[in-house]
Amino acid sequence: QVQLAESGGGSVHAGGSLKLSCVASGSAFSRFCAAWFRQAPGKEREREGVARINSVGTMTRYADSAKDRFTISKDNAKNTLYLQMNSLKPEDTALYFCAVQPLESCRVSLAADDYDYWGHGTQVTVSS
């Protein structure tokens, strides 16, 4: 089992930056691939994959909406996943979740169904 706790959300103006963190506990973080998802207002049934990273933090994949603006990183020594978000837009407003999947069943995927462990989310609000 692994527990995840996100932090770093907040309210910013368009063009601003935020860095989200997700601290894992309960299991060796190096044995999980990880991803960030977001859930926009009014879309409670939809979790959009934003970025994913492999277990050792060397390979990443981004949604088109995140490319060139967001950077995902993973520090296994600190059991922490990060999402650096720059040039934020109002459409980035959402509840952001981290999710992980055990190494043996990792897929290069931004689909929510491919991740079994989730945090509770941190709110990001971007005003115009």
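**Stop 1: the whole chain.** Keep in mind that you are looking at a predicted model. Followed along the sequence, the pattern reads β-β-β-β-β-β-β-β-β-β-β. The radius of gyration is 13 Å, close to the 14 Å that the globule rule gives for 128 residues, so the chain is as compact as a globular protein of that length.

**Stop 2: surface and contacts.** Buried residues account for 45% of the 128 in the chain. For contacts between residues at least 6 apart in sequence, 60% join residues at least 24 apart. Colour by charge next: the 14 positive and 13 negative charges have mean positions 3 Å apart.

**Stop 3: R38.** Select residues 32–39, which form strand β4, and pick out R38 within that strand. Is R38 buried or exposed? It has 7% relative accessibility, so it counts as buried.

**Stop 4: the partners of R38.** Show side chains here. Which side chain makes a polar contact of 3.4 Å with that of R38? That partner is S65. Another polar contact, at 3.0 Å, links the side chains of R38 and Y96. To finish, select the residues in contact with R38 beyond its neighbours within four places in sequence: E46, R47, E48, V50, S65, F70, E91, D92, A94, L95 and Y96.

Key
Residues are numbered from 1 along each chain as its sequence is written. This is a predicted model: local features need pLDDT of at least 70, side-chain atom pairs count only at pLDDT 80 or more; totals for chains, interfaces and linings use all residues. Side-chain values use heavy atoms; hydrogens and water are left out. Helices (H or I, at least four residues) and strands (E, at least two) are DSSP runs, numbered from the N terminus. The radius of gyration is taken over C-alpha atoms; the globule rule is 2.2 Å times the number of residues to the power 0.38. Buried means under 20% relative accessible area, exposed over 50%, partly exposed in between (1.4 Å probe, protein chains only). Contact means heavy atoms within 4.5 Å. Lys and Arg count as positive and Asp and Glu as negative; His and the chain ends are not counted. The place of a charge is taken as NZ of Lys, CZ of Arg, CG of Asp or CD of Glu. A polar contact is a pair of N or O atoms within 3.5 Å; within protein, one must be able to donate a hydrogen and the other to accept it, and residues adjacent in sequence count only if both atoms are side-chain atoms.
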